[in-house]
Amino acid sequence: ESLIAGIRPERLEKLRAREAKRFATGRPRARAALDQGAEAFLDGVPLHWMKDWPMPHLPLISKAKGARITDIDGYEIDDFCLGDTGSMFGHSPAPVAKAIRHQAARGLTYMLPSEDTLDAGRLLTERFGDFRWQIATTATDANRFAIRVARAITGRTKILVFNGCYHGTVDDAMVELANGITQNRQGLMGQVADLTLGAVACEFNDLAGVEAALAKGDVAAILTEPVMTNSCMVLPDPGFHDGLRALSQKYGALLMIDETHTISSGLGGYTGVHGLQPDIFVVGKCVAGGMPTAVWGLSHETAARYAAANEARAPGHSGMGTTLSANPMQFACLKATLSEVMTAKNYGHMEKLADRLSAGLAKSITRHKAPWHVVRVGARVEFICAPGPLHSGTEAALAHQPAVESALHVALLNRGCLIAPFHNMMLISPATKKRQVDRLIAAFDEILSELF
Ligand code: PMP
């Protein structure tokens with residue numbers, strides 16, 4: 001009989017069926033409300049990603065505060081998904097909620113700066129480094145605009161990305177490797193362009209592959225996360241980031257670091273903690289405490305090259321920016337988050353509890369002799385239902401165990417713990433309590449006791 005991630009299939013099926021039933025029978029209000037009100041939305045959901053949750057149907061949320069989320073059937077759930085990083089610093093952090101209330105009486109969008117704008121600029125530099133900043137509304141947009149800058153100032157066409165990466169719904173990065181050849185991602189909807197004209201994929205941790213791609217002379221920028229977080233997490237090998245920096249300089253490509261998820265690493269993100277030296281720095285999602293905001297920043301040298309490119313540009317639209325970006329509500333929330341929420345003290349708490357969670361899960365995995373492992377990047381913890389460590393996007397894709405993961409996620413939710421649907425990711429916020437972490441470890445261990 002073949003095992004699934006070390007589990008006998010009939011045991012997994014028994015757990016899956018029982019937990020799905022338990023979820024559904026326990027949420028009659030959500031079921032009835034959805035039956036009456038979901039049809040206005042395409043396929044019944046306001047964002048099709050919500051179809052990726054593994055429950056028989058969605059819960060409807062009535063409230064979220066700190067690390068707690070409450071649904072209309074009355075369940076109070078420990079939230080380790082935290083909006084898939086958008087609320088990594090907890091739901092409605094008090095300083096951000098206060099800033100929203102204050103700004104709500106002063107206008108929501110002007111296309112003009114406020115005094116908070118200037119404070120936020122100073123705080124961005126203080127927190128992330130001496131970059132020249134622009135504000136966008138999503139990390140997707142921040143990456144898209146930064147990619148244009150890279151192409152404009154180098155005059156080159158290609159962006160080098162890593163196989164299995166995700167940088168938002170940025171078409172320029174939507175390529176993958178198939179037998180060593182870059183191709184459009186298979187799942188893309190309605191994409192008629194040949195994306196390989198503007199992108200090349202390499203494997204993460206493969207500096208020789210990166211050098212071979214750069215040597216062709218057509219790469220404008222390397223775009224990478226410091227850690228691959230969007231598949232099963234892949235840590236950089238020692239020397240990988242130094243290698244990327246050196247190779248990008250040798251071949252005249254820019255280095256773009258996307259910190260959107262690795263901001264979990266600590267103050268200043270992975271870049272700050274590990275002293276990376278990107279030419280372009282991007283961070284989104286939680287940077288304004290959950291208010292839709294992203295930032296991209298250029299190093300001084302890159303900013304000077306951008307200014308020169310702008311001087312040479314014909315009049316007309318640059319293809320960058322969106323109308324609601326850099327609005328005063330974003331600045332109020334950026335300022336509150338950077339000065340009062342994204343603090344060393346809060347990171348200390350997050351780090352400590354994330355370490356506790358990661359150790360607890362690893363201990364359970366060892367005790368049950370599961371062929372699994374745990375990875376942690378600061379406040380971001382992930383269990384992976386395959387042996388590790390993983391070294392590349394290809395290995396990470398093979399490590400996914402969708403049947404196991406979905407059954408486990410529903411079973412955890414039935415025990416009061418919500419984790420992210422796209423991966424086995426758990427975030428610790430400044431509001432997360434030790435007892436919530438211990439409850440998650442106990443729930444995980446109980447489920448593994450049944451599966452193994
Ligand atoms: N960059 C990275 C590394 C991400 O993980 C994501 C989203 N998961 C994005 C960019 C895009 O963020 P958004 O969906 O908010 O545009």
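Which residues of helix H3 (residues 94–104) are buried?

Modeller: Before we start, keep in mind that this is a predicted model. In H3, the buried residues are Val96, Ala99 and Gln103. Seen around the axis, they cover an arc of only 60 degrees, so they sit on the same side of H3. Turn to the other side of H3 and you'll find Arg101, His102 and Ala104, which are exposed. So what do the buried residues of H3 pack against? Their partner is helix H10 (328–341).

Now let's step out to the core. The largest nonpolar core has 130 residues, and the ones with the most contacts inside it are Leu160, Ala221 and Met256. Helix H5 (residues 139–154) gives the most to this core, namely nine residues. The core also draws on both domains: at least three residues come from each of domain 1 (9–89 + 344–451) and domain 2 (94–341). Leaving out residues up to four places away in sequence, Ala221 touches Ile147, Ala150, Ile159, Ala253, Leu254, Leu255 and Met256.

Strand S13 (residues 373–377) is mostly covered, with five of its five residues buried. That goes for both faces: His373, Val375 and Val377 are buried on one side, and Val374 and Arg376 are buried on the other. S13 pairs with strand S14 (residues 380–384) in the antiparallel sense, over five bridges. Within that pairing, His373 stands opposite Ile384 in S14. Two residues lie between the strands of this hairpin, and Gly378 takes a positive phi near 60 degrees there.

Last stop: an open sheet of four strands. Its order is S1-S2-S3-S15, and the pairing is mixed. Strand S1 (61–65) and strand S15 (417–418) are at the edges with a single partner strand each, so one side of each has no neighbour in the sheet. For S1, you can follow the pairing with strand S2 (residues 68–71), which is antiparallel and runs over four bridges.

Definitions and conventions:
Residues numbered from 1 in each chain as written. Predicted model: local features only at pLDDT ≥ 70, side-chain atom pairs only at ≥ 80, totals over all residues. Buried ≥ 20, exposed ≤ 12 C-beta atoms within 10 Å, placed from the backbone. Pairing = 2+ DSSP bridges. Arc of directions from axis to C-beta. Contact = placed C-beta atoms within 7 Å. Core = buried A, V, L, I, M, F, W, Y, C linked by C-beta atoms within 7 Å. Domains from an automatic or database assignment.
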